[in-house]
Amino acid sequence: MAEVHREKKAKPGIASAQQDSWTLSGPGPSMKFFLSSSDTWFRVARWAIRLAVLIGVVGLLFSKASRDPRLATLPAGLSPSIVLCGWIAAGTFSAIGWLALGIACVAAFRLRWFCRWMCPLGTCNELSTLLGKRIGLPTPSVPHLGHCLIFATLGGAMMGFPILLWLDPLALFSSLGQPLPLQSLPFLVGISGLVLAMGVSFLLPGTWCLRICPLGALQEVLFVFRRGIIRTLVRLFRVGQASPSREMPRFDGPELSELLRISRRGVIGVVGAIAWTYLARPSALSKTLPLRPPGAWPDERRFLALCVRCGNCMRVCPTGIIRPQQSTDGVAMWLTPRLVFTDDFCEPSCNRCAEVCPSGALTPFSKAEKPHVVIGKAVVELDECLLTVDRECGICRSHCPYEAIRLQFNEETYSVQPIVDFARCPGCGACEAVCPTTPRKAIHVERMEAVEKKRQG
Amino acid sequence: MNPMNRRNWLKAMGALGAMGGMGILPSAPAEQPAVAPVGESSGFTSSVLDPHKVQDTQFTAKLINGRVIQPQRELPLLAQCEVLVVGGGPAGVSAAIAARRAGAHVVLVERYGHFGGLWTGGLVLLVLGHIVTGGKQVCMGIGEEMMQRLEKLPGGIINRQPGKNPTVDAEALKYVMVEMIEEAGVEVFLHAWGVDAILEGNKVRGAVFESKSGRQAILADVVVDATGDGDIFAAAGAEFEHRTHNVGLVSRVGNLDRVDPSRVPPEKRPKRLGGPTPAPGINWVNLTGPEVDGLDVRTLTRMEMSHRKFIWRNVQQARQVPGYESLFLVETAPQLGVRITRVLNGLATVRYADLKAGRRFEDVVAVGGSTNGQHGEWQVPYGALVPKTVDNVLAAGRCISAEMKMADLVRLIPNCFATGHAAGVAAAVAVQDRCAPRHVDVPKVQKILREQGAYLG
């Protein structure tokens with residue numbers, strides 16, 4: 001068996017003789033997996049399917065249908081790597097996860113089947129790769145980072161921190177559909193992985209899909225493990241049958257060496273992930289953290305690791321309070337969902353965001369559990385509150401869906417102040433949304449950490 | 001001496017009153033002017049009307065076996081009319097003028113000696129709640145006419161700019177209301193407190209009043225309950241919700257124009273000295289007060305006395321601040337600031353969800369606004385004025401059918417004159433068409449309301 005991933009002489013676009021055996025060898029980061037058939041009709045048909053899928057996904061992301069919780073999970077939820085990591089790290093597994101596992105099973109037998117037929121980012125990347133090739137950019141030799149990345153992510157997932165899960169192509173692609181005002185759309189597109197991936201594919205043709213993409217790498221890993229294990233077993237079985245002598249069965253073989261090579265990258269990845277989770281543990285997340293959607297992991301670092309920035313939660317939110325984090329106070333937070341209660345609040349009977357989260361960053365909960373799913377707690381700033389200066393208000397009390405606010409009359413100051421019953425307040429933001437004070441809201445929701453800190457200090 | 005001197009005139013009037021009271025004069029004293037002419041000069045002497053009067057105790061309450069029993073008795077009829085409006089606040093005055101202008105014979109009864117209710121007697125001088133997003137004014141009609149008339153009076157109103165909440169002068173407004181009531185030709189009884197409904201089956205046929213003249217009855221075809229507390233519909237057995245709310249007491253402070261700002265230490269600047277009024281140097285000062293039951297006489301007494309002490313203390317404290325030495329308490333409001341007590345459970349209910357959805361009703365009879373233009377207009381369906389079972393009575397003002405979240409908007413002055421306007425016209429139409437108010441021709445009501453200058457969306 002030939003070298004798996006490091007063939008120097010690249011002849012892109014030329015199908016190698018071994019194409020039908022679906023080996024991992026052949027031209028380096030090239031078009032091999034894309035242009036693997038010489039049959040024109042076959043290629044036309046595949047392009048037709050890929051473009052249809054691309055158009056369908058874009059249409060879904062930008063159509064009203066994407067707000068349907070049943071469909072909103074789809075793009076990112078179909079990624080086997082997201083589903084797997086979500087299951088390992090957060091213990092969540094949705095119905096659509098079975099579809100993702102189906103894709104993984106097919107990929108274990110048909111190498112990179114998903115890339116070649118389905119992946120919308122792959123289609124975009126290939127178009128930009130072709131463009132790069134057209135203007136004569138050379139195909140570089142890049143080590144297979146993807147294997148390390150996917151193992152690092154899986155290893156991290158076992159520690160609770162699937163660090164690079166957001167690199168998943170379906171998550172990157174889904175993030176396009178985040179409901180943003182038009183003026184910030186260029187910003188979003190600019191920092192979204194789509195432009196990054198297509199840019200890399202253009203400048204270093206083929207590199208993203210074949211050398212970086214963790215989902216592609218996962219498919220290769222599955223394929224190699226499946227084939228390596230089966231073939232080794234088959235050989236062992238045959239050896240046992242063919243030579244009943246006491247000769248030791250042979251374990252080595254091309255499949256095994258391929259398997260070992262990938263395993264080596266796996267060890268590097270896992271060790272790297274473990275080192276990262278330990279080194280990064282006391283990271284400086286001391287700033288005021290944004291409010292996260294209900295069901296989010298209370299540990300911000302774990303949430304940041306689990307969140308794939310797919311934007312599903314933002315799309316399905318009926319009140320539009322989940323917005324992408326755009327501030328530049330930390331690259332780690334870019335495009336993560338944050339709650340903004342300026343106009344509306346988190347409906348007491350809604351659990352859509354957590355239902356559509358593909359990665360387990362939001363733990364699903366039932367509608368009945370909603371009153372106990374804590375986003376934060378409402379905190380009153382008496383200096384801002386209109387009631388303390390006898391202006392007609394008290395609107396926070398009448399709008400609280402959980403009856404957690406009472407207006408208490410203070411004999412000393414002879415004024416009324418809102419008192420929040422923390423036992424009842426899940427931080428839905430209804431009070432903050434209606435509070436008339438500007439620019440600072442006299443009542444606003446704060447994260448539990450901030451509330452605890454205030455309580456102690 | 002003139003043969004018709006003061007004594008004779010009063011005697012004649014007394015006899016007439018007694019005859020009327022005993023039902024000898026069944027026809028309503030419609031020819032009598034709304035406000036009796038002030039008697040001619042008689043110097044400073046007092047006149048004896050009856051030198052040896054002993055009141056008949058046949059109907060006086062008796063202590064029988066330790067229980068206080070009021071003997072059953074027939075009540076003298078004070079008046080008879082087509083539309084009886086109980087309560088002379090913004091809602092009642094609007095209702096009375098609207099019904100009279102729509103052609104009905106109207107009697108308006110008010111428990112205090114002036115019109116305007118909490119707007120004037122309560123010194124709630126700031127007109128909040130008539131503008132919506134963009135600054136558009138939605139509460140029009142008779143209330144708007146009052147404000148237009150105030151504009152023509154010196155010191156009548158300030159901040160009458162589009163998108164702003166104006167502040168009125170209580171005395172100017174009392175004057176304007178007298179003027180408008182007289183112009184319309186509404187028959188008025190002041191110092192008469194509506195205490196009971198007169199029932200015939202499930203139909204309200206009038207109301208009973210207490211005054212210095214004793215307990216008297218007024219018969220009417222339709223009664224508009226603009227008492228604010230729903231005293232009449234409650235007595236008639238209509239369904240209502242009994243709520244608590246903050247009860248305060250407004251006051252006015254003077255000499256603010258003599259405050260020397262250069263001497264005032266910024267951190268000591270008194271915060272609770274209210275907002276400006278048309279009178280120079282005089283502020284009206286709101287007081288929120290504790291949340292109590294505004295129907296409990298002990299509570300009302302406690303509130304009145306306690307608030308009075310605080311208001312005095314507050315002004316004295318402010319006077320200690322350098323620059324504020326000449327500040328003084330002008331007055332406390334004659335009426336305690338009761339916000340919400342009884343709220344009708346009507347055929348329809350004003351709901352917050354409808355406000356948010358911008359719902360439009362086919363049977364809209366009034367449109368309300370927001371305190372500071374922070375949301376759009378909301379509509380009051382006619383059913384919100386109509387009790388579920390009891391007939392011939394309509395609610396107007398703060399006691400119309402509205403859920404808790406809307407009560408703080410419904411109770412605002414402009415919304416009261418809008419619902420009062422609607423109730424007045426609907427009552428007149430019901431009388432004209434000889435039908436129960438619940439079967440009134442709503443499009444006809446809407447047409448008349450629009451003709452009278454009301455805004456219905």
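**Chain A, then chain B**

Author: Of the 457 residues in chain A, 48% are buried (20 or more other C-beta atoms within 10 Å of a residue's own, these atoms being placed from the backbone). Heads-up: this is a predicted model, where local features need pLDDT of at least 70, side-chain atom pairs count only at pLDDT 80 or more, and totals for chains, interfaces and linings use all residues. Residues are numbered from 1 along each chain as its sequence is written, with chains lettered from A and ligands numbered from 1 in the order in which they are written.

Reader: How is chain B divided, and how far apart do the C-alpha centres of its domains lie?

Author: The bounds come from an automatic or database domain assignment. That gives domain 1 (78-243 + 340-451) and domain 2 (246-338) in chain B. Their C-alpha centres lie apart by 29 Å.

Reader: How many residues of domain 1 of chain B are in contact with domain 2 of chain B?

Author: Contact here is C-beta atoms, placed from the backbone, within 7 Å. On the domain 2 side of chain B, 15 residues take part, and on the domain 1 side the number is 17.

Reader: Why is helix 2 of chain B largely enclosed?

Author: Helices are DSSP runs (H or I, at least four residues), numbered from the N terminus. Helix 2 of chain B covers residues 90-101, and its buried residues pack against elements including strand 3 (77-86) and helix 9 (413-432) of chain B. It is largely enclosed by the rest of the structure because its buried residues number 12 of the 12.

How values were computed: Two residues are in contact if their C-beta atoms, placed from the backbone, lie within 7 Å. Helices (H or I, at least four residues) and strands (E, at least two) are DSSP runs, numbered from the N terminus. The expected span of a helix is 1.5 Å times one less than its number of residues.
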